[in-house]
Amino acid sequence: MAARRSLGRRSTGIATIVCVLLSICALFPFFWMVVSSMKYDDELYRDPPTLIPQNPTLVKYGEALSRGGFGRYMLNSLFVTGIATAVSVVLATLGGYAFARLDVPGGKALLFGILLTYTFPGILILIPFYFVFRSLGLIDTHLALVIVYVTFTLPYAIWTMRNYFLQLPESVEECAMVDGCTRMRALWKVILPMARPAIAACFIYCFVSGWNEFMFANTIVTKESLRTLPIGLNAIMGEFTTDWGLLMAGSVISTVPMMALFSLIQTNLVEGLSAGAVKG
Amino acid sequence: MTGARFQRLGEKRSSRFLGFWLAFPAILCMAVVIAYPVIKGVAMSFTNMNLLRGGDGSFCGLANYRAMFKDPYFLLACRNTAIWTIANVAIQMALGIIAAVSLNGNAKGQGVYRTLIMIPWIVPSVVSALTWRWMFDWSNGIVNAALLKLGLIAAPVAWLGNTKTAMPAVVLASVWKGLPFVTMMLLAALQPIPKELYEAASIDGAGFWQTLTRITIPVIKRTIAVATVLTTIFTVNNFNAIWLMTQGGPLYRTEILFTYAYKIAFQKFNFGLAASISTVLFLLLSVFGVVYLYLMDKEEA
């Protein structure tokens with residue numbers, strides 16, 4: 001018995017050590033990014049490097065926003081990603097509902113075809129699209145990026161919504177429809193409030209995808225005033241020298257909205273879940 | 001009777017009508033932005049579309065494919081894609097299982113560890129690649145500074161510029177970024193396993209290894225399969241990690257098919273050849289795509 005208990009204790013001990021090690025590995029590059037963004041150049045390039053800035057400063061952040069143009073890039077990213085996410089979530093909600101509850105021509109084959117596109121290599125789409133966008137005059141526009149981001153996030157978003165709708169009991173809408181609601185009204189008034197956790201999950205997925213996208217933006221957008229954050233960051237990388245402090249400050253600026261989004265959605269997720277469960 | 005039938009018929013028709021119109025915008029979007037370019041891209045691989053050498057996009061049969069299979073850099077890119085993918089998937093799955101099992105245990109402060117382990121997932125992929133590039137920097141990077149101090153290397157190493165170390169370095173950065181997703185997927189599958197099952201196994205004298213191979217892995221094996229296929233697809237498609245750290249260099253040592261196709265298209269402007277490389281990539285990914293669909297279909301049943 002004692003041996004067995006010590007075995008349990010030992011495995012808990014090992015699990016704790018693994019958790020601590022993984023946490024340190026996960027945290028360190030992020031920590032180093034923040035630390036590097038808060039040093040003056042003489043300290044940043046000192047040998048050996050200091051683990052904590054001796055003379056912490058936000059001077060690189062000021063530079064990123066003024067000289068680096070990161071205020072502009074941030075607005076561009078928010079605009080493109082925000083619109084693409086909104087459109088994608090709406091289309092995925094409607095489409096997901098149709099696949100879960102209604103009779104869509106093509107049905108299951110179409111649904112699996114949609115999922116298959118999720119695995120397609122972006123480069124095979126980018127090459128012909130470059131010509132299409134060129135002939136339509138969409139090179140150097142945010143519209144081109146919105147179109148691409150909406151479409152690329154749809155397959156996964158539709159599946160998420162559909163799977164969530166399938167879990168909801170069909171009696172929910174039936175009750176509302178017996179009470180005289182049309183199906184659309186039942187969807188709007190009854191189903192959507194219950195689907196908030198799935199909508200939140202789709203929202204996160206679409207937003208993160210757009211926020212991170214580099215290849216299409218880098219190819220389609222050449223004008224500096226239209227750059228999104230990933231393009232702005234990459235532009236700091238010089239051929240011979242790189243202002244690493246500026247780059248790390250820009251990196252922190254690009255990461256903060258993601259962290260804000262996650263903390264925000266997490267509370268909404270819980271709220272949405274409980275509200276849906278009690279009232280449903 | 002007739003009334004009810006009429007009503008049901010009407011309901012069916014309205015369900016079809018509404019179903020079509022609700023799904024239509026999404027499907028239209030995907031038909032125009034995914035299906036059409038894919039067909040066009042495959043068609044382009046049979047043309048001599050080349051903006052530098054005056055190729056006008058006329059049909060040239062299998063010329064691009066013939067040129068491709070004679071191109072030593074293409075063959076190198078195939079080999080690199082295999083190494084890159086196998087290394088990434090094997091390491092992420094192994095570490096992911098270890099991480100998920102540890103996070104599912106009784107360690108104190110689970111919530112804190114779970115949050116910290118998610119950090120790489122929240123960091124944008126461009127930020128991750130450029131931060132690792134800074135850490136791997138030859139003259140001022142923390143990796144060299146730490147290893148020199150520990151006496152593990154005698155002189156600074158140009159991790160991303162050396163033909164021997166570039167691939168391991170980009171794999172390390174990409175594992176860092178990809179691990180949280182795998183861990184969370186596996187952890188979500190582990191959580192419903194009742195604790196009593198582990199207790200019963202422990203009373204029967206099962207050790208850690210037996211518990212892992214007899215209970216944990218069999219229960220989550222479908223999730224392991226899905227995570228493996230998804231990680232494979234993501235890794236083959238992971239342009240950002242390689243392009244932003246090495247651009248496929250040094251001397252094509254980290255060039256994968258994806259980055260090579262991009263380079264041929266947008267730096268050499270040989271779109272016909274680039275389209276045929278992309279088509280090969282597409283066929284390769286379709287294999288994994290079909291496995292993925294098969295797994296999802298089994299889940300449906």
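## About the model

Residues are numbered from 1 along each chain as its sequence is written, while chains are lettered from A and ligands numbered from 1 in the order in which they are written. Because the model is predicted, local features need pLDDT of at least 70 and side-chain atom pairs count only at pLDDT 80 or more, but totals for chains, interfaces and linings use all residues.

## Where the chains meet

Chain B gives 73 residues to the contact and chain A gives 72 residues. Here, two residues are in contact if their C-beta atoms, placed from the backbone, lie within 7 Å. Among the elements of chain B that give two or more residues to its side are α1 (2-44), α3 (72-103) and α13 (271-300). The largest share, 19 residues, comes from α1(B). Such helices are DSSP runs of H or I with at least four residues, numbered from the N terminus.

What kinds of residue make up the side of chain B that touches chain A? By class, there are 53 nonpolar, 15 polar and five charged residues. Nonpolar means Ala, Val, Leu, Ile, Met, Phe, Trp, Tyr, Cys and Pro; charged means Asp, Glu, Lys and Arg; the others, Gly among them, are polar.

## A buried leucine

Let's look at L233(A), which sits in helix α12 (residues 229-236) of chain A. L233(A) counts as buried because 28 C-beta neighbours lie inside 10 Å. The cut-offs, using C-beta atoms placed from the backbone, are 20 or more others within 10 Å for buried, 12 or fewer for exposed, and in between for partly exposed.

Leaving aside neighbours within four places in sequence, L233(A) is in contact with residues of chain A, including L247(A) and G250(A), and with V126(B), V127(B) and L130(B). Y73(A) is 160 residues away along the chain, yet its C-alpha atom is separated from that of L233(A) by 9.3 Å.

Most residues other than glycine have a negative phi, and most peptide bonds are trans. In chain A, a cis peptide bond joins D47(A) and P48(A), with omega about 0°. Another cis bond joins G249(B) and P250(B), with omega about -10°.

P250(B) lies in the loop between α11 and α12 of chain B, and L251(B) lies in that loop too. Phi of L251(B) is positive, near 50°, and L251(B) counts as exposed because it has 11 C-beta neighbours inside 10 Å. Y252(B) also has a positive phi, about 65°, but Y252(B) is partly exposed, with 18 other C-beta atoms within 10 Å.
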